[in-house]
Amino acid sequence: MNGSDVIVKVSGLVKDFRPGFGLRRKRVLHGIDLQVRRGEVFGFIGPNGAGKTTTLKILMGLIRATEGSAEILGHDVRETAFRRHVGFLPEGPYFYDFLTGREILRFYGKLAGGHAASPESHIDELLEWVGLSQAADLRLRAYSKGMLQRIGIAQALVHDPEVVFLDEPMSGLDPIGRKEIRDLILRLHGEGKTIFMNTHILSDVEVICDRVAIIAEGRVVHEGGAHVLLERERQPFDIAVSGLDPELAESLVTELDAELRGRGERVEVRVREKDVDLTLERILARGGRVRGVAPVNAALEELFLKAVEGGPHEEEGA
Amino acid sequence: MKHHLRAISAIATNTVRDAVRNKVLYILLFFALVLIGTSFLLATLSYVERERILQDVALASIRLFGAAIAIFIGVGLVHREVDRRTIYTILSKPVSRVDFLVGKYLGLVTTLWIQLAVMSAGFVAVSLASGAPVNGGHGIALALTALELAVLVAIATLFSSFATPFLAACYSVGLYMVGHVTRDLRALGALSDAESVGVLTTWLHRLLPDLESFNWTIEAVHGLPIPYDQVAWAALMGVGWCVAFLTTAALVFERRDFR
């Protein structure tokens, strides 16, 4: 891999916090190593409290690392000048709500400098891009959560950065809001931006990310291609059945290693993907009625448990 | 350099816009103007030196309310930005923490000076209405009040950079009060029999800002000559204290984690 292709490089990152005055320091990051390549959407996933936001805050210069190094575009994250090439959307962003959408972009444009001392036309384009042209002159206090998230993305892009960091961009949004943000991220990706995204929503990872790293308890426990990771976990299918013949049920368990859930008229049969067709044929042949078939996405927590049990590893060729 | 100035200017302008929306600020300003107005009534209670009593009360009101506004808004200056997490998006841009702090400071000083201008206009109006003279001495007294407010905002900014608003207010008010008595303490210490007391009060006076050096109310009201060398020295010290407090605030702020 060419060195210039590495946009974010984190090596041995350690962070200790003192929970309170006079209390012993607590280690929240235990030597994080990461690399994000040019043009990819990198998902940094983990449960609450795993260390995602702490890592991101170190990258954004909001927190100082105790040990280790972090670089963006070859610059130490403690520098400031290179940040004209970096965009950031924090989790649950709050902006000066007495400003309008247009005014807030003007403000961040001035802070970013360079290209961003943006002409009004650039701000108009950006507002159009995030679908807020109609609300451009409304004060932010009148914005919905989804609109705030979109103006947050706009401020992250106001200076046309090379790399964009997003902290839980879909958190707290309704399905429509999530789709809008997801579409914006995919459009950014299409424009060749490198995106580093913190999230704990697995379905978003599946749609958006090229590569992921799982962090648990301050350690990266898995790093690799997003689809490979998810496909592995998606093998089981749940088949909802009513009127399942008890003999058939027993044979599915013994022969196909199926799991049965529920009792009485309606049960769920969980089988491996390769056994789905066969199971359906047998259920229908014995007079059962299939009510639904759905792949099972393992909860993120389950992934963590598996990853932690297996210990840290990185996929070959990932 | 140009970029730093632009960032500082953007943050300062935004701070002014934010501050002028603060309702408590208007309430304090309203009471200050009421007190300046009532100084007119207070003066009528006396048969002698009515104009001087009026101006004395009015200038004291300006100094007191100016200090209250400086401390009240100053102590939340940084804390509110961290608490509301607006600082995250600002510092993720090519803006240093020093730029941020200086921008916030200049924004609040500008706000206070606008307030001071309004209060000064009230003072001039009440003085002229009661036939009291207004001269250059009053201008100097008000200019040095402006400088004292700048020092107070620097003090509040320092404490705001690491403490909660309540603690920062306690520290700032404490330093404000001590700052107004260090000169008297030094004089008292010199009269003490114990040499150590004299040394202690002298060092206190040297180490802490002498806020009384900005108080030229008596000279202005009574039309006494104002020694310009002392005014110049007070101005120099004022600027020095602002730089010292802001530098310390920047050093503290540089090391802070925004969790």
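Here are some friendly notes on the strands, the chain contacts and the nonpolar cores of this predicted model.

1. **Ground rules.** The model is predicted, with local features needing pLDDT of at least 70 and side-chain atom pairs counting only at pLDDT 80 or more, while totals for chains, interfaces and linings use all residues. Residues are numbered from 1 along each chain as its sequence is written, and chains are lettered from A and ligands numbered from 1 in the order in which they are written.

2. **Strands 9 and 10 of chain A.** Strand 9 (residues 211-216) and strand 10 (residues 219-225) of chain A pair in the antiparallel sense over six bridges. Strands (E, at least two residues) and helices (H or I, at least four) are DSSP runs, numbered from the N terminus; two strands pair if DSSP finds at least two bridges between them. Ile214(A) has His222(A) in strand 10 as its bridge partner. Two residues lie between the strands of this hairpin, where Glu217(A) takes a positive phi near 50 degrees.

3. **Strand 13 of chain A and its partners.** Over seven bridges, strand 11 (residues 236-242) of chain A pairs with strand 13 (residues 266-272) of chain A in the antiparallel sense. Here Val241(A) is bridged to Val267(A). Strand 12 (residues 259-261) of chain A also pairs with strand 13 in the antiparallel sense, over three bridges, and Arg261(A) stands opposite Glu268(A). The hairpin of strands 12 and 13 of chain A has four residues between the strands, and Gly262(A) takes a positive phi near 90 degrees.

4. **Where the chains meet.** Contact (C-beta atoms, placed from the backbone, within 7 Å) links 25 residues of chain A with 23 residues of chain B. On the chain A side, strand 6 (86-89) and helix 2 (101-112) are the elements that give two or more residues. Helix 2 of chain A provides the largest share, five residues. By class, this side of chain A has 16 nonpolar, four polar and five charged residues. Nonpolar here covers Ala, Val, Leu, Ile, Met, Phe, Trp, Tyr, Cys and Pro; charged covers Asp, Glu, Lys and Arg; the others, Gly among them, are polar.

5. **The cores.** A nonpolar core is a set of buried Ala, Val, Leu, Ile, Met, Phe, Trp, Tyr and Cys residues joined through C-beta atoms within 7 Å, where buried means 20 or more other C-beta atoms within 10 Å of the residue's own. The largest has 140 residues, and Ala154(A) and Ala154(B) are among those that touch the most other members. Helix 7 (residues 136-160) of chain B gives the largest share of this core, 14 residues. Apart from it lies another core of seven residues, including Val241(A) and Ile283(A).

Note on methods
Two residues are in contact if their C-beta atoms, placed from the backbone, lie within 7 Å. A residue is buried if 20 or more other C-beta atoms lie within 10 Å of its own, exposed if 12 or fewer, and partly exposed in between; C-beta atoms are placed from the backbone.
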